[in-house]
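Here's a quick tour of the structure below, covering the ligand site, some charged pairs and a couple of individual residues. Have the model open as you read.

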Amino acid sequence: MRRLILLVVMFSWLGSLAANLPALIQNIPNRATTSLDGPWQAIIDPYETGLNARFYLNAKAKDKHELVEYDFDRSDALNVPGDWNSQKKELFFYEGPVWYKKSFSYHKREHTRVFVYFGAANYFTRVYLNGQALGEHEGGFTPFNFEVTGQIRDGDNFLVAEVNNTRRRDAVPTVNTDWWNYGGLTRDVTLAEVPESFIQDYTVQLARGSSNEIAGWVQLSGSTSAQKVTIEIPEAGIKQSFATDATGRAEFRFPAKLELWSPNHPRLYDVSVSSGSDKVHDAIGFRTIETRGTQILLNGKPIFLRGIAMHEEAPVRGGRAFSPEDAQTLLGWAKELGCNFVRLTHYPHSENMTRLADRMGLMVWSEIPVYWDIDWENPATLQNAENQLREMIARDHNRASVILWSISNETPVKPARTAFLRQLAEAARQQDSTRLITSAMNHVDEAGPDTRALNDPLGEYLDVLGLNEYLGWYGGRPEDADRMQWKFAWDKPVIVSEFGAGTPYGRHGDADERWTEEYQASLYQHQITMLKKIPALAGMSPWVLMDFHSPRRLLPGTQDYFNRKGLVSNLGQHKQAFYVLQKFYQEMDSVQ
Ligand code: GCU
């Protein structure tokens with residue numbers, strides 16, 4: 001007990017160690033920006049020679065005597081955004097450092113500040129502008145930005161980023177995952193130009209538990225004195241102004257008559273936030289999300305989450321997905337399935353995905369990659385996980401579609417882990433009290449021949465219990481599900497966040513023959529029978545929308561580095577089970 005208290009005290013102190021990264025700028029898509037996407041020169045540097053050799057200087061031999069053993073401009077290019085593994089066959093298995101260089105010219109304007117914004121870079125990134133270090137970022141799936149007002153030149157500039165996806169025991173995720181460790185500048189790189197005093201961040205959402213009051217805040221950067229900020233929602237006849245305090249922050253709450261966002265009516269409003277010389281527009285939906293006993297209530301009404309789990313992998317071309325088109329294809333299949341919910345696993349997906357979910361009316365489970373058995377007792381690992389959590393929430397806290405923050409997936413039941421995750425749950429609530437906190441758990445107890453019980457102590461700190469169970473695949477037979485009963489230690493809503501079976505598209509056989517479409521379809525049938533009998537069931541997200549690359553899936557002729565549990569193949573071919581789930585969701589939608 002004394003050790004547990006010590007752990008909690010240590011974690012709370014460590015939790016407050018704010019990341020030394022500049023605060024994230026909200027809503028980059030609607031700012032004045034210059035894209036740095038496209039081909040970047042790249043040096044593959046397996047031994048990280050570039051650090052001592054200072055590749056970030058982008059040096060050239062000045063004369064025939066000088067020794068310079070690298071040359072970006074004579075190096076191959078890699079496309080940004082994009083992982084390197086799917087761009088070059090010889091880099092498919094590559095894990096290590098890669099140095100990227102982008103030359104660009106820039107015209108500085110008076111009274112503006114400039115930031116370089118990375119949508120994401122996997123995994124550990126060092127950034128330099130014109131040879132000067134800007135900073136570092138750890139975490140492969142969340143955005144980060146650096147101010148470059150002082151470093152950027154009027155004219156020619158060069159930006160260098162060292163991206164290293166080497167897996168580490170103390171990292172988040174750690175060394176073992178069931179997804180491909182795609183490395184690189186995997187999302188857009190953007191220069192954002194803002195006024196000297198600008199709107200750094202804001203939240204404009206319905207107040208917790210209210211459907212007719214807006215509550216939120218605006219945070220200015222660079223403001224020296226109290227400033228007037230104005231929130232406008234013209235379509236709702238709203239125009240409200242407030243004064244910031246000395247730190248540039250204004251908190252507000254005011255009545256509002258709004259059409260509420262929901263899957264059947266994904267109403268988004270044009271909201272503008274302005275102050276002094278800055279004004280930002282955003283498309284924001286307004287909805288409430290809460291629990292009542294074992295129910296999830298959207299806008300005060302019980303709703304069943306008809307979902308599917310998915311990785312951020314590009315259909316057909318493969319590699320890390322990043323574009324609006326990738327998102328459209330993946331979420332389009334979820335809609336075709338009859339979904340009103342998607343579990344984005346096991347890391348925050350791109351802003352293209354969550355903004356499209358806003359428009360398509362798909363509720364979202366967003367998760368940080370605290371996956372399997374990480375280094376629970378390492379304070380740096382906790383701080384890293386908290387940083388990723390903070391960045392995930394900071395980017396998407398105005399997205400109506402995002403209803404659940406997930407702090408982990410399939411983690412072992414032990415005190416250090418539970419204390420670690422308890423800390424994350426509290427940090428999430430502190431940062432955002434309007435959404436539900438969950439986790440996917442998979443440690444269940446036998447509570448009788450045909451009864452399983454979820455008693456994981458983590459459940460106490462969650463609003464919604466996520467259950468991953470692979471009855472009929474990693475244990476038992478599909479038909480065992482027909483008799484299975486489930487018990488839960490908490491009177492909370494349950495989402496069966498994973499179940500599934502693998503088959504290559506087009507592999508056929510008897511329903512009891514593994515690796516066939518018939519087996520997968522049959523397993524879905526039996527699972528649906530079982531799930532219907534769980535009183536606390538408030539949603540489901542079977543594993544998984546599309547076959548995806550995994551370094552753990554090695555069965556020749558069947559897996560070939562693919563996890564084949566998709567309902568759709570990586571080439572977009574729909575398997576039989578796709579239609580089993582579609583039929584169930586359509587039936588459900590017709591009665592809801
Ligand atoms: C786990 C895990 C997934 C994995 C899946 C599988 O439950 O959460 O990441 O891919 O099972 O085994 O296919």
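## A buried arginine and its partner

Arg355 is buried, at a relative accessible area of 12%. Buried here means under 20% relative accessible area, exposed means over 50%, and partly exposed is anything in between (1.4 Å probe, protein chains only). Arg355 makes a salt bridge with Asp282, with 3.0 Å between the closest N and O atoms; the term covers a side-chain nitrogen of Lys or Arg within 4 Å of a carboxyl oxygen of Asp or Glu. Arg355 sits in helix 4 (residues 351-360) and Asp282 in strand 17 (residues 278-284), so the pair ties together parts that are 73 residues apart in sequence. Helices (H or I, at least four residues) and strands (E, at least two) are DSSP runs, numbered from the N terminus. Asp282 is buried too, at 3% relative accessibility.

A word on the model itself: it's predicted, so local features need pLDDT of at least 70 and side-chain atom pairs count only at pLDDT 80 or more, while totals for chains, interfaces and linings use all residues. Residues are numbered from 1 along each chain as its sequence is written, and side-chain values use heavy atoms, leaving out hydrogens and water.

In total, the structure has 42 salt bridges. One of them joins the side chains of Arg168 and Glu138, 2.7 Å from N to O. Arg168 belongs to the loop between strand 9 (155-164) and strand 10 (189-195), and Glu138 to strand 7 (residues 132-138), so this pair ties together parts 30 residues apart in sequence. Both ends are partly exposed: Arg168 has a relative accessible area of 28%, and Glu138 comes in at 23%.

Glu213 pairs with Arg253 in another salt bridge, where the closest N and O atoms are 3.2 Å apart. Here the link runs between distant parts of the chain, with Glu213 in strand 12 (residues 213-221) and Arg253 in strand 15 (residues 249-255), 40 residues apart. Glu213 is partly exposed, at 24% relative accessibility. There's also a salt-bridge network, made up of Lys60, Asp71, Asp73, Arg74 and Lys101.

## Around the ligand

Which residues come nearest to the ligand? Of the 14 around it, they are Asp178, Tyr371, Glu410, Tyr474 and Glu498; a residue is near if one of its heavy atoms lies within 4 Å. The shell splits into 5 nonpolar, 4 polar and 5 charged residues.

Glu498 has a side-chain N or O atom 2.5 Å from an oxygen atom of the ligand.

## Two residues and their contacts

Gln41 is part of strand 2 (residues 38-44). Setting aside residues up to four places away in sequence, Gln41 touches several others, including Phe72, Asp73, Trp99 and Lys101; contact means heavy atoms within 4.5 Å.

Asn58 lies in the loop between helix 2 (49-52) and strand 3 (77-80), and is buried at 14% relative accessibility. Beyond its neighbours within four places in sequence, Asn58 is in contact with Tyr70, Phe72, Lys101 and Phe158.

How values were computed. A polar contact is a pair of N or O atoms within 3.5 Å; within protein, one must be able to donate a hydrogen and the other to accept it, and residues adjacent in sequence count only if both atoms are side-chain atoms. Ala, Val, Leu, Ile, Met, Phe, Trp, Tyr, Cys and Pro count as nonpolar, Asp, Glu, Lys and Arg as charged, and the others, Gly among them, as polar.
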